[in-house]
Amino acid sequence: MMILSGDPPRSRVLSILLVIIIAALAVTPLVFPGAKAMNVATKICIFAALVASYDLLLGYTGSVSFAHTMFYGIGSYAIAIALYSMGPSWAAVATGLAIGLPLAALLALGIGLFSLRVEAIFFAMITLAVASAFLVLASQLSWLTGGEDGRSFQLPELLRPGTVLISKDLFGFAVNGRTLTYYIVLVAAAAMILGLLRVVNSPFGRVLQAIRENRFRAEALGYRTVFHLTYANCLAALVAASAGALNALWLRYAGPDTSLSFSIMLDILLMVVIGGMGTMYGAIIGAAIFILAQNYLQTLMSVASNAAADAGLPLLPGLLHPDRWLLWLGLLFIASVYFFPTGIVGRLRAGARRPLR
Amino acid sequence: MKNVALHHELHMTLSLETQDLTIRFGGHVAVNGVSCRFRPGELTAIVGPNGAGKTTYFNLISGQLRASAGSILLDGQDITRLSVPLRTRAGLGRAFQLTNLFPNLSVEENVRLAIQSASGVHYDMLRPWMTRRDLIARADAILDSVALGGRRDVAATALSHGDQRKLEVALMMALEPKVFMFDEPTAGMSVDEVPVVLDLIARLKQDSSKIILLVEHKMDVVRSLADRIIVLHNGRLVADGNPAEVIASPIVQEAYLGIAPGKRTA
Ligand SMILES: Nc1ncnc2c1ncn2[C@@H]1O[C@H](COP(=O)(O)OP(=O)(O)O)[C@@H](O)[C@H]1O
Ligand SMILES: [Mg+2]
């Protein structure tokens, strides 16, 4: 239990769901080595960590930030620019991290110290302003960032798809550079989530919850809450930037659409709300469900639509037409928020109340 | 940082003093030039009608409000400009008149947060909270002292009003402050709940190194606990002295009790 920092899922269904998701992610390269499945699995890993870091802010401290994609973007761009300009070497990867992570942390420190003293709404507005400015900056500085086109780059030899590490003859499946990259992403994401789980269950993490519950009282107990909030903001930014770096490594690309746009911010918000705020596990559940729906709902609907058409049902084939997938995705989210206001994890835990000591 | 000799010296000279303490809200002067010195081993009751400025006086001392004029000295040090958390760390403890808890955390977590702060554990991110058994044990002891031991795993919001008032007091006890500020600790409590809190205050009084300030309306409580009474009226300090003297004084009869002498009831 120590690896979970004394905060187990506390619901049988939730435990089973988590085991299924993690097992599926662990075996994806072996069982579904196709490009689409691998991309979806990677995105789930990366977003689980990204959403978990956002949950640290929203769920545990109650502060609303709109700058989370900015930190994600900083991590992405740092890797992309470093590998683009220095060439595909490990030194470039290290340089990207050595620039991107501290930059994200420093920016978060600045935003935090400047705006977390005062009311929460001010922090939200400052993050929105800084993130918008950053988005403009990234597209303006096209000599550095590649502007709207972004930056494509080559990976170090070891991580390339063409690099066969273990040939198919040995175990019946090939392990190439792509497989290795995938497992780096998976392990890094898992480590970050477990790290965050530790932080939220530490004495520091309890103070964050206390601030969320009643900042006035937390101050009266002797906690200088602006520092707690600022550290949480820095930590979240570090994890977001790391997730961004992983994303760039996987895509071999960083651009405004994949790493900076506000639609990613919206996705993060939806995932944390659907999964369940202030639970950490909600990040994994939310990311898995959201990204699966985003990627496979269309396929599912086209199957259903054709089946309905074959059965000669009226109206249904049109309603279920794959082009309507966004409508259904939207309805799915409205329904999930309506029926599970505390998120899926909150709902599952309420169903399995922990016994009183 | 902890110099034992220095600490000892400070301890010897523990004192709390307000000098011409004043706060204005627009044109309204809620606390008006209050100068008063509080000594260790002394329980001072602060009385006065509703709106007299008692809670505001507390808010100025513990830092929730900033003084418009005047100063506050703790152990001879000027703390008038210090932030709330730093005043708490300097030894000011406060139990609020309007219950002020962490509603969705358990009773035990509420108290443990106070103990954690008092133990200087502010930024430890790496050790799981549940492994701090030392903190848990102390939280349990404090909860037992306010008869909340059986409710430790309940969310604070689920407690009855009386139990919430007790938890409010427990949070201050857990801070182990030098100065205890009780703001109507028994208000709204049922008759059978009151003694737990009064016993607690009486026990506190036995430690002659502490300063205790108590805002209380029930005159029988004041009479039995207080070593000294000060009276606030319209933000001004209008009487200060030993209980019998102050209660009998004409100004209190008129200003606070609002009745003619002789018709006083407890
Ligand atoms: N934050 C504030 N803004 C404006 N007026 C206030 C504020 N706090 C207290 N007051 C006023 O100061 C006066 C004293 O209030 P208070 O200290 O709560 O009285 P008491 O605790 O003695 O009943 C009241 O008239 C109250 O309306
Ligand atoms: Mg009051």
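The exercises below work through a predicted model, each with a solution in steps.

**Exercise 1. Confidence**

Task: Find what the mean pLDDT of chain B is, and over which residues of chain B the pLDDT stays under 50.

Solution: Begin with the chain as a whole, where the mean pLDDT of chain B is 89, with 91% of its residues at 70 or more. Next turn to residues 1–5 of chain B, where pLDDT stays under 50 and the model has 0 contacts beyond four places in sequence. Residues 259–266 of chain B also have pLDDT below 50, although this stretch has 13 contacts in the model beyond near neighbours in sequence. Where pLDDT is low, the predicted coordinates should not be read in detail. Finally, take the scores of the model, which are ipTM 0.91 and pTM 0.92.

**Exercise 2. The two domains of chain B**

Task: Describe how chain B is divided into domains, and what the interface of domain 1 of chain B and domain 2 of chain B holds.

Solution: The first step is the division itself: domain 1 of chain B covers 14–91 + 177–266, and domain 2 covers 102–176. Their centres, taken over C-alpha atoms, are separated by 26 Å. In the contact, 19 residues come from domain 1 of chain B and 15 residues from domain 2 of chain B.

**Exercise 3. Chain B against chain A**

Task: Work out how many residues each chain gives to the contact between chain B and chain A, and which residues in chain B lose the most area to chain A.

Solution: Start with the residues, of which 36 come from chain B and 31 from chain A. Chain B and chain A bury about 3100 Å² between them, 61% of it on carbon and sulfur atoms. In chain B, the residues that lose the most area to chain A are B:F102, B:Y123 and B:M125, together 22% of what that side buries.

Then count the pairs between chain B and chain A, which come to 2 salt bridges and 18 residue pairs in polar contact, both residues at pLDDT 80 or more. The elements that give two or more residues to the side of chain B that touches chain A are α3, α4 (107–118) and α6 (161–174) of chain B. This side of chain B divides into 19 nonpolar, 8 polar and 9 charged residues.

**Exercise 4. Salt bridges**

Task: Find how many salt bridges the rule counts over all chains, and which side chains meet at 2.9 Å and at 3.8 Å, N to O.

Solution: Side chains of opposite charge can pair when their charged atoms come close. Over all chains the count comes to 21 salt bridges. The side chains of B:E168 and A:R217 meet in a salt bridge at 2.9 Å, N to O. Within chain A, the side chains of A:D7 and A:R349 meet in a salt bridge at 3.8 Å, N to O. This pair links distant parts of the chain, 342 residues apart, with A:D7 in the segment before α1 (12–31) of chain A and A:R349 in helix α16 (residues 343–351) of chain A.

How values were computed:
Residues numbered from 1 in each chain as written. Chains lettered and ligands numbered in written order. Heavy atoms only, no water. Domains from an automatic or database assignment. Contact = heavy atoms within 4.5 Å. Polar contact = N/O pair within 3.5 Å; in protein donor to acceptor, adjacent residues only side chain to side chain. pLDDT = per-residue confidence, 0-100. Buried area = accessible area lost by both parts, 1.4 Å probe. Salt bridge = Lys/Arg side-chain N within 4 Å of Asp/Glu carboxyl O. Helix = DSSP H or I, 4+ residues; strand = E, 2+ residues; numbered from the N terminus. Nonpolar A, V, L, I, M, F, W, Y, C, P; charged D, E, K, R; others polar.
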